[in-house]
Amino acid sequence: MHLSSICSFLSALFNCLFFEVFCLESEFSLKGDYLLGGLFSLHEVQHATPLSSPEAIECFRHTFSESGYQMLQVMRFAVEEINNSTSLLPNVSLGYDIFDHCSDSKNFPSVFSFISKNGSIKPKEKLNNYQPKVIALTGPYGSTKTITVAPLIAMDSIPLVNYGASSYALSNKLQYPSFVRTIPSNKNLIEMIIHIIRWFGWNWVAFLGSQDDYSEDGLRIFNKYIRNTGICLAYQEAFSQRANYSLTLKKIDMLNINVIVVFAVPQYASNIIKAAIANNIRGKVWIASETWAMNQQLPREPGIGKIGTVIGITERLMTLPGFDEFICKERRKIHAYSAESDIQSKTCNQVCENCTSLTAEEIINENPTFSFAIYAAIYTIAHALHNVLQCDMNKCHKDITVKPYMLLEQMKKLDFPLNGRQVKYDDNADPAVSFVVVLWNTETNPPQFEMVGTYDTYPEITFTINNSLLPWHNNGSVPFSNCSVECKEGFSREPDGFHSCCFLCKKCPRNSYVNYSRDPYTCFLCLETEWSEEGSTTCKRRTVVYLEFAEISSVVVMLSATCLIILLIAIFCLFAYNFNTPVVRSAGGRMCFLMLTCLMMSTISVFFFFGKPTIVHCLLRNVIFAFFFTVFVSCMAVRSFQIICIFKMAAKFPNMHSLWVKYNGQWLFVGFFSIVHLISCVLWMTVSTPKPSRDFLTFKDQIILSCEMGNTVTISLVVFIGWFLGFLCLLFSYMGRDLPKNYNEAKSITFSLILYYLSWIVYFTAYLILKSKYIQLVNAMTQISSIYGILFSYFIPKSYIIIFQPQKNTATYFQTSIQNYTQTISRT
């Protein structure tokens, strides 16, 4: 009896001691000089239900997560590796307390344990004297869970080095001052997704998530960052626990959306993909966020290959040398303890019935997405502690009292290499980004994750995708996911509906262009100095044209004008030399020299038609000719009138003739009309000064430099005076058609004036029809032809008589002509 009791007692004592040893060496707890906290989701609450009474959650009653258990092993591996290191924390050991964190609202006992001191929390104690149980902690997994516990951790400035919360809200250091993370934020992840969408030219996408902080944060950032990128969010939805996935997928299919961003936690992402398979959704591109990009179960789902192409975004996968050996060693140890005792599944501070049943292969083959992030988190804490303790290669100063806030301060300064990656943090305590794009290859067995692209921000921003590695489901070509087909070159967009990605195409008209980088919805007008055809994307420079001096036509006209001036000078000299001869007197006497001078001045105006027009050119080219030629025509008119006056009016109206002679009527007539015409020319030049003009309308590719004619009323007045005097010339010439031959200049004057009128009629006709720089050449030629007509019909015949027929240039010859005319008149 006593022997039996003693045996029972010894057995109980042995089991107690053995269990205590096992507990001390448990996966969830390890003693050390400094204690770290760990929060891992070993179990997942699939369907949370509202409670009407207080109730503590029991995580072990929910779905076991192999991925969460593998994450826990990475932390244990990192701690053991650091404890075995001779350079990092050489004479210091790290311990840990790890808790199963399966709920975002009912797991606070574990957090309270971390921030407690000797099992109690004293709110009124001064914080700078307070020493919590842990100096730092890592976890939990998920943004919502982290946002819930982070304020409690921040209260004591305990560094929360997180491996699985990417919400950009956590970068706000005013709200979460002690938060540090080793994975990129949602901001970086969304930027990566936008890079992928733009890389393939898509703009019609759907965004699916769940009703949690992770998805809501991603959707908010996505909406913000796609502005001005040409990407349209055609459909968005955040699923609840009782969501109708089939209805959502049918809506997406009806909207012809072929690119779907699934930014959700694994539970909801799995539901979406399974619903797509069940509803026979085909030919889509699925962009997986980091949370499920390396999911090990979904690629094995039957029919996964039919839904389209799955592209995942994850951190660059880093191998952890020695991790596989560590797992195998730990599995052997646990299995040995289990075989020697009857305490299987007991893990001291946590209940995890499935933890000891997993094989080493199952743990090693689990999703490695967050392995390096956890590994880097533990090393971040270790390096910060190393700096606080002022460690060298041999030892650390253990006499230094370590407060959590000291580690936090050191973490902001860290910059160290770890397995080929550089670990450093920006001002928001976010790490450098090193993403990879993985393609789900579901054709192999087992399915493979193939790296097809990269995105890095250190040491510089680089993004690339190898298109040749993407065997698209759409016959190898990039799937089309745009609301509208891109407009052809030279076509602008015309909005069609609410989204900017939906548009019609409109061809840009002449002298306009579309600049897609500036604004694809507008046909911008070309500058006045530019031109374009219909449907252009750029404007061409217009050619500026004007009559240049070096052109052949210009040279010919200027040579003609020069010859004309020489002839006029020669005739002027000839008439001056023979001034007292009857021919010169009959031609007008002194008035001949005024007439010749006016013709020379009129000819000079021709030279101002050539070269680049200036204000001086515009004033002189027409005004000089108009004034001096009108003076000349007034001389011709008075000359014609004077001959009639001598032969006809002297006999019939002797008093009028005597007054005309007495008061030099011819000079009064010329002077009067010269002054009137001068005034009209001054009005022409002052009311609206002729000035250089640019003709942009006549030719699409040319700018014609010319001169404005000025005010229509004033120029009409100038032209009217000249043409009125010309009409008087014609009238007087007709009246004197029967005068003596030597004095009869009616034919020559009539011919010259008819040529004058015809020249200007031709010019004005050409002005209305011909629209080019050569209209100015026609103007110059019209002026020259008018002067040449006068010269050859009026002055050349008289010069010919003076030079070649001097016998006709005698007083006797002229008297004989007058006598014959008188006899003829008396007989009639």
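**Salt bridges looked up**

I began with the charged pairs and found that the structure holds 16 salt bridges, each being a side-chain nitrogen of Lys or Arg within 4 Å of a carboxyl oxygen of Asp or Glu. I kept in mind that this is a predicted model, in which local features need pLDDT of at least 70, side-chain atom pairs count only at pLDDT 80 or more, and totals for chains, interfaces and linings use all residues. Residues are numbered from 1 along each chain as its sequence is written, and side-chain values use heavy atoms, with hydrogens and water left out.

I looked up R76 and E330, whose side chains form a salt bridge at 2.9 Å, N to O. R76 belongs to helix 2 (residues 66–83) and E330 to helix 9 (residues 323–340), 254 residues apart; helices are DSSP runs of H or I with at least four residues, numbered from the N terminus. R76 is buried at 7% relative accessible area, and E330 is buried at 4%, where buried means under 20%, exposed over 50% and partly exposed in between, with a 1.4 Å probe and protein chains only. I also noted that a network of salt bridges links E27, R76, E330 and R331.

Next I checked K329 and E80, which meet in a salt bridge of 2.9 Å, N to O. K329 is in helix 9 and E80 in helix 2, so this pair ties together parts 249 residues apart in sequence. K329 is partly exposed at 32%, and E80 is partly exposed at 27%.

Notes:
Helix = DSSP H or I, 4+ residues; strand = E, 2+ residues; numbered from the N terminus.
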